[in-house]
Amino acid sequence: MSKTFEIAVFHGDGIGPEIMAPTLDLLRGLDHDFRFTDCPAGAASYLDCGSDLPQASLDTARQADAILLSALGDPAVRYPDGTEMTPQIDIRIALDLYAGVRPVRIVPGMRTPLALPDGKVVDFVLVRESTEGLFHTQGKGRVEADLAEETLRLTRRTTEKVCRFAFDLARDRKAAGQKGRVTSVDKANVFRAFAFWREVFDGVAGDYPDLTSDHAYVDAMALWFVLKPWDWDVMVTENMFGDILSDLGAGLMGGLGMAPSADIGDDHAVFQPCHGSAPDIAGQGIANPIAMILSAAMMLDWLGRRHGDDTLVRDGARVHAAVDACLAAGDVTVDLGGALDTQGAARAIMARL
């Protein structure tokens, strides 16, 4: 008897519901038993009940097999101190989702700004530590009339776990024909905290003699993302560095509308597009659904590997292939040079399944 997978669904703000709806339609069309539970959160929830992450929604997420999260937040709706609400970060911390996975793949049809040399393939994954780093004092930093301070914090426990996650991912990718290389991205030449990070990384690397490991400074890596993105396989880095580099990676693919992501811990995982809620185009039906759909594909792969279900893994790969085919054919939304609306782009993907 097949397992029923409980999926917590955060529909989001702005374009969030518009890209989530066809993603759920796609998942319902696959031969799996998914049970979706809606979870209010974000700016709309804050205006409705005074909380951008109600406890009931967090409890549902905690009990679910996986969490699908669309774009949350609205720059026009802020806390009294002027900061934007970020329930997606609160979820990461509450569920200890320490590994932020940001894949970067350039395939035919993408509007990449790069002129790739013949034979060069860009297919790497940035693993971002998602619970510590410079985000440690988020909302609690010290602000006075003449100074402001935030605290960067790295713990051995979490740094080791996210480094081990990166090496395990590289081992899986090597089995599928990738390089088997893990690069630590840090700033160990300036900050003692990153010398500590590098020491932990090297300690974990010793457990993976079948893989290659090396280091790069974050400023140099930003340069190399543009000059030689085909050189990389798996990179692991601190929270803020990962936040910045992941957007640069999205730029290589033509924009955030192409960028899926996952935040994964030992027991839970959230799958969401990297982009924001784009309230300026909400309700127009023109939002690009690809990042949301590819995030769902990542969920299928994660669930399949976690539960030993090869059909889920295969369906995750099928969704990726269907998206690639639409990109190659130009069956995409206007932002990618096509002529389809949100629903039309999603239907084109589903037709190829």
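**Strands, pockets and selected residues**

Q: Which residue is the bridge partner of A8 in β2?
A: Strands here are DSSP runs of E of at least two residues, helices are runs of H or I of at least four, and both are numbered from the N terminus. In β2, A8 finds its bridge partner in T37.

Q: What pLDDT do local features need in this predicted model?
A: Residues are numbered from 1 along each chain as its sequence is written, and side-chain values use heavy atoms, with hydrogens and water left out. The model is predicted: totals for chains, interfaces and linings use all residues, side-chain atom pairs count only at pLDDT 80 or more, and local features need pLDDT of at least 70.

Q: Which element gives the most to the lining of the largest pocket?
A: A pocket is an open set of points on a 1 Å grid over the protein atoms alone, with protein on both sides within 12 Å along at least five of seven lines; a cavity is a set where a 1.4 Å probe fits but cannot get out, and lining residues have an atom within 4 Å of a point. The largest pocket holds about 1000 Å³ of space, and L169, R173, M298, D301 and R305 are the closest to its centre among 33 lining residues. β4 (99–105), β5 (123–129), α5 (156–175), β11 (260–264), α9 (290–307) and α10 (310–329) each supply at least two lining residues. The top contributor, with 7 residues, is α9.

Q: How many nonpolar residues does the lining of the largest pocket have?
A: Ala, Val, Leu, Ile, Met, Phe, Trp, Tyr, Cys and Pro count as nonpolar, Asp, Glu, Lys and Arg as charged, and the others, Gly among them, as polar. By these classes the lining has 8 charged, 4 polar and, for nonpolar, 21.

Q: What volume does the largest cavity have?
A: Grid points are joined across faces, edges and corners, and a volume is the space filled by probe spheres set on the points. The whole structure has 1 cavity of 30 Å³ or more. β4 and α8 each give two or more residues to its lining. The volume is about 30 Å³.

Q: Which element gives the most to the lining of the second largest pocket?
A: This pocket has about 700 Å³ of space. Its lining counts 32 residues, with T86, Q88, I89, R92 and D243 nearest the centre. α4 (87–94), α8 (239–252), β11 and β12 (269–273) each supply at least two. Giving the most, 4 residues, is α8.

Q: Which residue's side chain makes a polar contact with the side chain of T155?
A: T155 lies in the loop between β7 (148–149) and α5. At 19% relative accessible area, T155 is buried. A polar contact is a pair of N or O atoms within 3.5 Å; within protein one must be able to donate a hydrogen and the other to accept it, and residues adjacent in sequence count only if both atoms are side-chain atoms. The T155 side chain reaches the backbone nitrogen of T158 at 3.2 Å, and at 2.6 Å its side-chain partner is E132.

Q: Is D335 buried, partly exposed or exposed?
A: D335 lies in the loop between α10 and α11 (342–351). Its relative accessible area is 42%, so D335 is partly exposed.

Key
Two strands pair if DSSP finds at least two bridges between them. Buried means under 20% relative accessible area, exposed over 50%, partly exposed in between (1.4 Å probe, protein chains only).
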